[in-house]
Amino acid sequence: MLKKWWQREVIYQIYPKSFNDSNHDGIGDIKGITQKLDYLKTLGITMVWICPVFKSPMADNGYDISDFYQLNPEFGDMEDLDELILEAKEKGIKIVLDLVINHTSDEHPWFQDLLENPKSSKYRDYYILKQGKEGQPPTNWRSVFGGSVWEPLEGTDEYYFHSFHVKQPDLNWENEHVRKELYEVVNYWLEKGIAGFRVDAITFIKKDQRFENLPADGVDGLGKCTKKTRNQPGIEKFLHELNRETFSKYNCVTIGEAPGVPYDQYGDYIGEDGYFSMIFDFKYADLDVASGSEWFRRTDWNVQELKRMIFKSQLEIQKVGWGANFLENHDQNRSLSKYIKEADNRNFYSATMLAALFINLRGTPFIYQGQEIGMTNFERESIEEFDDISSIDQYYRAMEEGFSAEEALHFMNLRSRDNSRTPFHWNSEENGGFSKKRPWLGMNENYTLINVEKQENDPNSILNFYKEIIKVRQSNEPLIYGEIEPLLENNSTVIAYKRRLQGEEIDCYFNFSSENQKVDIDLSCYDVLLNNYKGAAIPAQDFKLYPYQSLLLSKKGMVLS
Ligand code: NOJ
């Protein structure tokens, strides 16, 4: 594929509520991000994706927007955002915002008007309304955050539809006026000078219009709505139009959150004339659970399986376009806690091995706040300590499905989205230097051990190794634009691949185990580009990778860029 500017980026994801609190009200804010631009620059970041900062009652922490054109006052005002965009630009950092256009908040004026005038509102057709059937909701579909997708619309015998929470009514994309309103929103923000959008839940915008019942898949008698609401036939018309009316008019980057798309349709999404620059592939991120909305159905995965999934994803994407690689995000648990099964093995080596493995895959790397210092999951003692609506729902559903309260809590501790949403650890001071006030969500107690200040002062820290990984990627074009080719496919503990660009080759080896692993490499043919075992001897004979070693080797005699 032709080179594109956004292939070179290294993207840092910010969950604004938990990043840095400049006015000490316990909630992170936009000024707090501006204050930390130098930190991001030193890390090697070139672009920042900020989760929603728009006006919102925050039922789903901003993924429930009540005004697309205003910012939520707790995050700051438009001047703060303009200042952030400008200062970031001066430092060579681009800003990407989150575009949430599958649904609004129920506090959006359109929906409020509907509630006030349920029978006559001019916004009736902005949302999805249906008559119930004999006192029951129109279908038995379960929403992503639990319960029926249908909620009674007071004063009528109708229900409104929500794929996610009851406070997130879905917009009716079948209505062209809705689509036009949304395109104006997109163009307004792109005109403002942002680099692009991460596009939320975009595969949900088309619903199966037959609205037929599903076979029940739980004791609640409901069936997962995603079978009828995600990537449904006809979505291509909406996505083409969205792209034509907005993104295609700008030199912007678009990162689609597009779960539910089979690989044989990736070309439509990310091919040369695709709807987006890149999309996230969640298939391997959810390998420890049956699905992203059923954390209580755990799977027993192994490295071989993870490797198979990564390579499948990489090769399918390589056929048609470009991917977005991530270890963590605000909907996931912490990667060290997920991918490194034994707590004793969660250390500098495993954290940097995971980082080097993912950052050097073919695609644009995303780093989620705190990942670069090795933040971990946080164990809570009761469901009362959780904020995330989806964790609360899943806790009760797990018990409904027959698990004990203790087991249900255990599943939440493993998987809750709150694991990655705890406030950022800047230093060992109270509240980790995040805020002088008690933060909106409990701190992870290990902030005195794991924090930026400590790691900045330690040349052998995870943070400093992240800087090195990024530098190596950015200064070796094969690691950015090169083709990927799996190596050692049958090895059950080592993940390895080759990146190749116009005759230049870089071989990447990652020991995904706590034991030495013998690998057949003749080191005399290579230069070492990256190694997380600094100072340790690399034996020329009888070569072995150390536990969780990551090693990037470039073929000698090749011209490196
Ligand atoms: C995906 C977002 O990443 C998640 O945080 C949110 O809850 C849902 N979409 C609904 O907007």
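User: In this predicted model, which residue forms a salt bridge with Glu245?

Analyst: Side chains of opposite charge can pair when their charged atoms come close. For Glu245, the closest N and O atoms of the pair are 3.2 Å apart, and the cut-off for a salt bridge is 4 Å. The partner is Arg244.

User: Is Glu245 buried, partly exposed or exposed?

Analyst: Its relative accessibility comes to 27%. Buried would need under 20% and exposed over 50%, so Glu245 counts as partly exposed.

User: How about Asp200: which side chain does it meet in a salt bridge, and are the two residues buried or exposed?

Analyst: The N to O distance for this pair is 2.9 Å, and the cut-off is 4 Å. The partner of Asp200 is Arg198. As for cover, Asp200 and Arg198 are both buried.

User: And what N to O distance goes with the salt bridge of Asp507 and Lys498?

Analyst: Here too both residues, Asp507 and Lys498, are buried. Their side chains meet in a salt bridge, with an N to O distance of 2.8 Å.

User: How many salt bridges does the structure hold, and which residues are linked in a network?

Analyst: Some salt bridges link up into a network, and the one here takes in Arg142, Asp217, Asp220, Lys224, Lys227, Glu294, Arg297, Arg397 and Glu401. For the structure, the count of salt bridges is 51.

User: Let's turn to the cysteines. How many disulfides does a search of the whole structure find?

Analyst: A disulfide is a covalent bond between the sulfur atoms of two cysteines. Take Cys508: the closest cysteine sulfur, in Cys525, is 16 Å away, so that is too far for a bond. Looking from Cys525, the closest cysteine sulfur is the one in Cys508, again at 16 Å and too far. The search of the whole structure comes back with zero.

User: Are Cys508 and Cys525 buried, partly exposed or exposed?

Analyst: Cys508 has a relative accessible area of 0%, so it is buried. Cys525 has a relative accessibility of 32%, which makes it partly exposed.

User: Which residues form the negative surface patch, and where is Glu381 found?

Analyst: The patch is made by Glu379, Glu381, Glu384, Glu385 and Glu445. Glu381 has a relative accessible area of 70%, so it counts as exposed. As for its place in the chain, Glu381 is in the loop between strand E17 (364-368) and helix H12 (389-400).

Notes. Residues numbered from 1 in each chain as written. Predicted model: local features only at pLDDT ≥ 70, side-chain atom pairs only at ≥ 80, totals over all residues. Heavy atoms only, no water. Patch = residues over 30% accessible without salt bridge, like charges linked within 9 Å, V, L, I, M, F, W, Y side chains within 5 Å. Areas by Shrake-Rupley, 256 points an atom, 1.4 Å probe, with all protein chains shown as cover. Lys, Arg positive; Asp, Glu negative; His and termini not counted. Charge placed at Lys NZ, Arg CZ, Asp CG, Glu CD. Helix = DSSP H or I, 4+ residues; strand = E, 2+ residues; numbered from the N terminus. Buried < 20%, exposed > 50% of the residue type's maximum accessible area, 1.4 Å probe, protein only. Disulfide = S-S within 2.5 Å.
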